[in-house]
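Subject: A structure for you to look at

Hi there,

Here is the structure I promised to pass on. Have a look around first, and then read my notes below.

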Amino acid sequence: MYTRIVTSALFAGAATGLIASLLQLSFVQPVLLHAELYESGELVHFGAQASGAVSAHQDVGGIDPLRDGLSIVFTMLIYAGYGLIMVAAMALAEQRGARINARNGMIWGICGFVVAHLAPGFTLAPEVPGVAAADVHARQAWWFATVAAAAVGVWLIAFGRSWLAWGIAALLLVAPHVVGAPQPDAFTGPVPTEIGALFAARAFGVGLVAWLLLGLMAGHFWQREGQAQGATQPA
Amino acid sequence: MNTQSTALAGSKSGLLPIIVCALIGLGVVFVAGHVQAGALHDAAHDVRHATGFPCH
């Protein structure tokens, strides 16, 4: 069982992480680097000068081998970690009679995105560098609590069999956003809203693709490793 | 012999491997995505922002 979980998770996680990091470097990183020009004060927008307007087209620099290489490594690590959690959950579901394969793995992937990316990001939006934000530890605590609540909620929707279970699931999904995430006392972000909005949209988009791939590949490798080890699939 | 058969039975259907693997996964996500130690934070900075984690 250990071998099957770890092998499936690492293959799926590493492949997903590699693709996700290339998507991030292509679509998210230029927006992040653009924002950093404002974070560092190199560019200042809004009324600081009488003439005002700053060109939306800036040279944000190209590839930085060390920085981007580290990004690739860490993206692969994070999705390998997510892969371990997802495949462990798949193993649990299969023990309880669920069928796991690449196709329904895509549903697992979408649910994973909802749990780990959309749920916390719904109130604690993906942050472009330079935004005003509350204390990082408070935000992290809220992030983990929200992801945990969403994970239980989504599991109860998928595998619960009563209105009580579904009701609890709805509460768990909604509660963190009613309570609210730690927010800054004042808005001091120097980055134009256009960049912040594009950053959040791109972060969500790449996240959805990555989770879809993670679920797809986790389901595929889980089923294949099971066949290789002679484990029987429940019909 | 006894240990071996126990280990085999445990590895066939037990909850233990599932819990252990999920915890390792959680640990990896925590270290790579959330620990604030300087060098780790700098190395993972761009990824943390792009993945929607609270960063700094």
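To get you started: in which helix of chain A is the place of His34(A)? The answer is helix α1, which covers residues 2-39. Please keep in mind throughout that this is a predicted model.

Staying with that residue, is His34(A) buried or exposed? His34(A) counts as buried because its relative accessibility is 12%, and the cut-off for buried is under 20%. Leaving aside residues up to four places away in sequence, His34(A) touches Ala56(A), Gln58(A), Val60(A) and Ile195(A).

Next, chain B. It has 56 residues, of which 41% count as buried. It contains three helices and zero strands, so its pattern along the sequence reads α-α-α. Its accessible surface is about 2,800 Å², with 75% belonging to carbon and sulfur atoms. On that surface, Leu15(B), Ile19(B), Leu23(B) and Leu26(B) make a nonpolar patch of about 370 Å². Leu26(B) belongs to helix α2 of chain B, residues 16-33, and is partly exposed, at a relative accessible area of 42%.

Now for the place where the chains meet. The size of an interface is often given as the accessible area lost when the parts come together. Between chain B and chain A, about 3,200 Å² is buried, and carbon and sulfur atoms give 71% of it. Ile18(B), Asp46(B) and Pro54(B) supply 18% of the area that chain B buries against chain A, more than any other three residues. In terms of contacts, 35 residues of chain B meet 40 residues of chain A. Seven residue pairs are in polar contact across this interface. On the side of chain B that touches chain A, the helices α1 (2-13), α2 and α3 (38-50) each supply at least two residues, and the largest share, 14 residues, comes from α2(B).

Finally, the charged pairs. Side chains of opposite charge can pair when their charged atoms come close. How many salt bridges does a search of the whole structure find over all chains? It finds four.

- Arg4(A) and Glu94(A) form one, with the closest N and O atoms 3.5 Å apart. Arg4(A) is in helix α1 of chain A and Glu94(A) in helix α2 (residues 65-95), so this pair ties together parts that are 90 residues apart in sequence. Both Arg4(A) and Glu94(A) are buried.
- Asp46(B) pairs with Arg67(A), the closest N and O atoms being 2.6 Å apart. This pair crosses between chains, from helix α3 of chain B to helix α2 of chain A. Asp46(B) counts as buried at 5% relative accessibility, whereas Arg67(A) is partly exposed at 26%.
- Arg139(A) and Glu127(A) form another, at 2.8 Å between the closest N and O atoms. Arg139(A) is in helix α4 (residues 136-159) of chain A, and Glu127(A), twelve residues apart from it, is in the loop between α3 and α4. Arg139(A) is buried at 1% relative accessible area, and Glu127(A) counts as buried at 9%.

One last thing to trace: Glu36(A), Arg67(A) and Asp46(B) are joined into one network by salt bridges that share partners.

Enjoy exploring!

Terms used: Residues are numbered from 1 along each chain as its sequence is written. Chains are lettered from A and ligands numbered from 1 in the order in which they are written. This is a predicted model: local features need pLDDT of at least 70, side-chain atom pairs count only at pLDDT 80 or more; totals for chains, interfaces and linings use all residues. Side-chain values use heavy atoms; hydrogens and water are left out. Helices (H or I, at least four residues) and strands (E, at least two) are DSSP runs, numbered from the N terminus. Buried means under 20% relative accessible area, exposed over 50%, partly exposed in between (1.4 Å probe, protein chains only). Accessible areas come from the Shrake-Rupley method with a 1.4 Å probe; for residues, only the protein chains shown count as cover. Patches are made of residues with over 30% relative accessible area and no salt bridge: like charges are joined within 9 Å, nonpolar side chains (Val, Leu, Ile, Met, Phe, Trp, Tyr) within 5 Å. A salt bridge is a side-chain nitrogen of Lys or Arg within 4 Å of a carboxyl oxygen of Asp or Glu. Contact means heavy atoms within 4.5 Å. Buried area is the accessible area (1.4 Å probe) that two parts lose on being put together, summed over both. A polar contact is a pair of N or O atoms within 3.5 Å; within protein, one must be able to donate a hydrogen and the other to accept it, and residues adjacent in sequence count only if both atoms are side-chain atoms.
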